[in-house]
Amino acid sequence: MDINSEILQVRNLSVRFGKVQAVDNVSFDVPRGVIHGFIGPNGAGKTTSIRVISTLQVPDSGGVWVCGYNVLTHPAEVRKRLGYMPDHVGVYSGLSVSEYLDFFALTRRVYGTKKKSVLSDVVELTDLGDLLDREVNSLSKGMRQRLCLAQTLIHEPELLILDEPASGLDPRARIEFRDLILELRRLGKTIFLSSHILSELSPICDSVSIIEKGEIVANGTLTEIQKKLVSGSSTFKVLLLQAPGPELEKFLSEFPHLRFLSTEGKKFSFEWNGADEDVSQVWKSLSSNGYVLSGIHKEEDDLENIFMSLTTGEVQ
Amino acid sequence: MNKGMIAKFFGFAMVQKDLILTLKKNRWLLIQFLYLSIFGIVLAFFVNSTGLGFRRYEDPVSVVTENFVSLYFSLQFLVIGLVFPFLSGNSITSERIDKTWPLLKCTELSPFEIIRGKYFALISLSIYIMMLSAPLLMLTTLIGGVSLFSVVFEYLIHIAYAALICAAGLFSSAMSSNATRSNLQIVAMFSMPVLFATVFALNAYSNGELLSSVLGPSSNYLSSKEVLIYWFLGFFVLVAGLLGASFSISPVNSLRSIPLRIYIFAFYLFGIFAFFELLAANVPGSVSVRNYSQNWTIYMVGMVLSSLPLLRIAAEDPGVPLSAALLTKEKPLLGRILYPFVSGGIRNLLFSFAVLSLFLILLKVGSVVDLSKLGSNVDSGLVHAVMLQSEGSFIVWISWLCSMVAIAWCLAHAGFGSILSASVTFSFQLVLVLSMAIVYVANVDAVPTYSMFSTPFTYFLVMSKEVFPSSGTTMFTYLLSRGDFLLNTGTTFFFIGLGTYFGGRNQRPLLSLAPESRKGLLLDPPGLPLQEQESGVHLSRESVRPNEKSTTTGGLDE
């Protein structure tokens, strides 16, 4: 079995539920050791795709490989290498935290002294040490998420699939959980993270796939997507000391790479298609023609803007 | 056998988890309280009714002990029938409701291991609850009247009863996605057999007997061979429950059909030989024509029910499971050996036919029966005629089941779901049976019992002709005179043809083990990473098909 550098490979994946095409011909790769965001609105097909990757669902067509193993033909091998945390974390409410972890250690064939050391490492990493004797049903949502993450780590998987891990968490728990994910990446794990809370993903994701209505609309690193999306153009917002007159638009139209966008009081904006260093010519001309520049802001496309540009918000 | 293997065999992880969860629940405390209350109430009522301890009782001590033990066991039998169907019937459903099921399925536990673990946990609980009263009950044996062995054997029978219920309950639970469905299914599945078993047990207990005197090695009613057969049948039913449950939770692309089909084949074979033995042993000398005929009627009723799993198998997904296709590719010899037991294509139909054809063994019963041993007041000519007539209608019956199986198979190939195809066919069969039952009730004197289990054609034929052929008539000439046999055979061939046509049109595999029905699935590892193939980021709604040539269904078709 070939172990590719790509830890997760998805090719032409399609899943249909009756008349609804939940996932339509989806393809993407996830390299080792990165945090890959899987972004899409509710009902876009994220969870269905994740269920196929996690060997819980048989696709209608296409294929998925985890560490080079096909999820259909070698599900047992895939499960050994994969830790899955579903969107709705189910816990055995009668068990204590230590019993819960002990159970999942046994289901992962971790016995004896190895079990002890692995559980102690996992507990330390997820900071569950003080909660070991607590009953699972007495834990807060954030603690349960950490507990579920802990159980996915017991067998030392190479790939972690986390489906909406931050949903329903308070800001503090979100930050703690984000730090935990970054720590896991530092330890060499690959993390495949689905979410529709973009502010959670943008600071930590190395690459993303954006899915809408079952189709991948963008795939790659944030920088790559940004470049591709805006086709080399940048938007500038300028604040003048005094509100400009209608002659400003005529004046700016003389620049070949500039497209005037709008004015609003003392502010105006334009799109620049030329090289970034050439835009200084615009500032010089404006100054020499009596316009006093009070401030300049270049708009960067963050994940939210990219997401909004690429998706229509429609669900199936 | 190392620790890991033992843990794996007993599903130790599941046993441990389920026991902790159940024993911690208030419900379990309530069950224990209920159980001990019953014990206390029995004791109190018994002491009161016999006057034990207040005045001298009339009966000898041994009789009092016997009655007490019988009364206690009859109540315990009732409690098992009430508690364990619901305890086992929610075992897997509760995992689904609590959303822990996906986590469990993502672990390294196989479906059968999950079922085994849950099963052993349930058995442990049943033994635990029964053992609560055991010490006190054992003490009663010191008084006399009941032997220690019979009490121990009685416990064993009760544990076996709980084991059977738990296996069937797990099966029901594995098939249900929510609690309501599970509970309804449990009531539907358990009411009849539990009622039957309870009436049977209470009948024995009310006569001051223990079940061990009926089903034990020194049974008062059954020969040792018959006892063995009953225990074997019980064991088979138990295994069926566990295998069925594993089947229900296994992924569709797995080899789940193979063990179940092998088991079903063995089960039918065993059942037929068991009946063969019992019938043949019972007929000579001891019975009348009426008994012989009744045996056949009971058997035919059994066949109505037995057709249900066969219809389900015939109507299974026509596609070949992916794992089966891979097995054939990687281990051709094993693939060839297991070929008849792999689901998909014409094998679904042929397997059902093969099981039905096993019933033909029963036609040999006639040659085993020694007519000379019949009593002098029995007309041996008439017995022979009844045998021929029964056997003839039996073949017609099989032909009818074959036609039903062919209809189910055809519907599945036409694109209906497997459960829908089986249900529609079974409903059709039930409507016919009910119609004929009404006809039978209306003409009870003129029509033999079996006619209610045959096609309407039989009715008209039976009404218009002499019911029994003469003793000189061979079975086959009799069969040929039966229009419904021809009708059923014609129907069978018609639906096989139609199913084949639909299969061809929908590109279903008929004979091969190649996964044609899953043509779109990519199996070989993709060559280059997506980025390299696409030279940069992919940013369009139209997905790319990387390395399409090398990522078709792999070498499976070759």
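Aromatic pairs

Reply: Over all chains, a search of the whole structure finds 36 aromatic pairs. Rings of Phe, Tyr and Trp (its six-membered ring) pair if their centres lie within 6.5 Å; planes under 30 degrees apart count as stacked, over 60 as edge-to-face and the rest as tilted.

Me: What should I keep in mind about the model and its numbering?

Reply: This is a predicted model, in which local features need pLDDT of at least 70 and side-chain atom pairs count only at pLDDT 80 or more, while totals for chains, interfaces and linings use all residues; side-chain values use heavy atoms, with hydrogens and water left out. Residues are numbered from 1 along each chain as its sequence is written, and chains are lettered from A and ligands numbered from 1 in the order in which they are written.

Me: How are the rings of Phe77(B) and Tyr161(B) arranged?

Reply: Their centres are 4.1 Å apart and their planes are at 5 degrees, so the pair of Phe77(B) and Tyr161(B) is stacked. Phe77(B) is in helix α4 (residues 61–89) of chain B and Tyr161(B) in helix α9 (residues 148–175) of chain B, so the pair ties together parts that are 84 residues apart in sequence. Helices (H or I, at least four residues) and strands (E, at least two) are DSSP runs, numbered from the N terminus.

Me: Is Phe77(B) buried or exposed?

Reply: Buried means under 20% relative accessible area, exposed over 50%, partly exposed in between (1.4 Å probe, protein chains only). Phe77(B) has 3% relative accessibility and counts as buried. Tyr161(B), at 10%, also counts as buried.

Me: Which kind of pair do Tyr268(B) and Phe359(B) make?

Reply: The ring centres of Tyr268(B) and Phe359(B) are 6.0 Å apart and the planes are at 85 degrees, so the pair is edge-to-face. Tyr268(B) is in helix α13 (residues 257–282) of chain B, and Phe359(B) is in the loop between α17 (347–358) and α18 (365–368) of chain B, 91 residues apart. Tyr268(B) is buried at 9% relative accessibility, and Phe359(B) is buried at 3%.

Me: What does Gln76(B) touch?

Reply: Contact means heavy atoms within 4.5 Å. Leaving aside neighbours within four places in sequence, Gln76(B) is in contact with Tyr35(B), Met130(B), Ser133(B), Tyr155(B) and His158(B). Gln76(B) lies in helix α4 of chain B and is buried, with a relative accessible area of 1%.

Me: How many residues does each chain bring to the contact between chain B and chain A?

Reply: Chain B brings 49 residues and chain A brings 60 residues. About 4,900 Å² is buried between the two chains, and carbon and sulfur atoms give 61% of that area. Buried area is the accessible area (1.4 Å probe) that two parts lose on being put together, summed over both.

Me: How many salt bridges cross the interface of chain B and chain A?

Reply: A salt bridge is a side-chain nitrogen of Lys or Arg within 4 Å of a carboxyl oxygen of Asp or Glu. The rule finds three across this interface. One of them joins the side chains of Glu135(A) and Lys24(B) (3.9 Å, N to O).

Me: Which helix gives the most to the side of chain B that touches chain A?

Reply: That is α2(B), with eight residues. Gln16(B) lies in helix α2 (residues 12–24) of chain B and touches Asp102(A) and Leu106(A), not counting residues up to four places away in sequence. Gln16(B) is partly exposed, with a relative accessible area of 22%.
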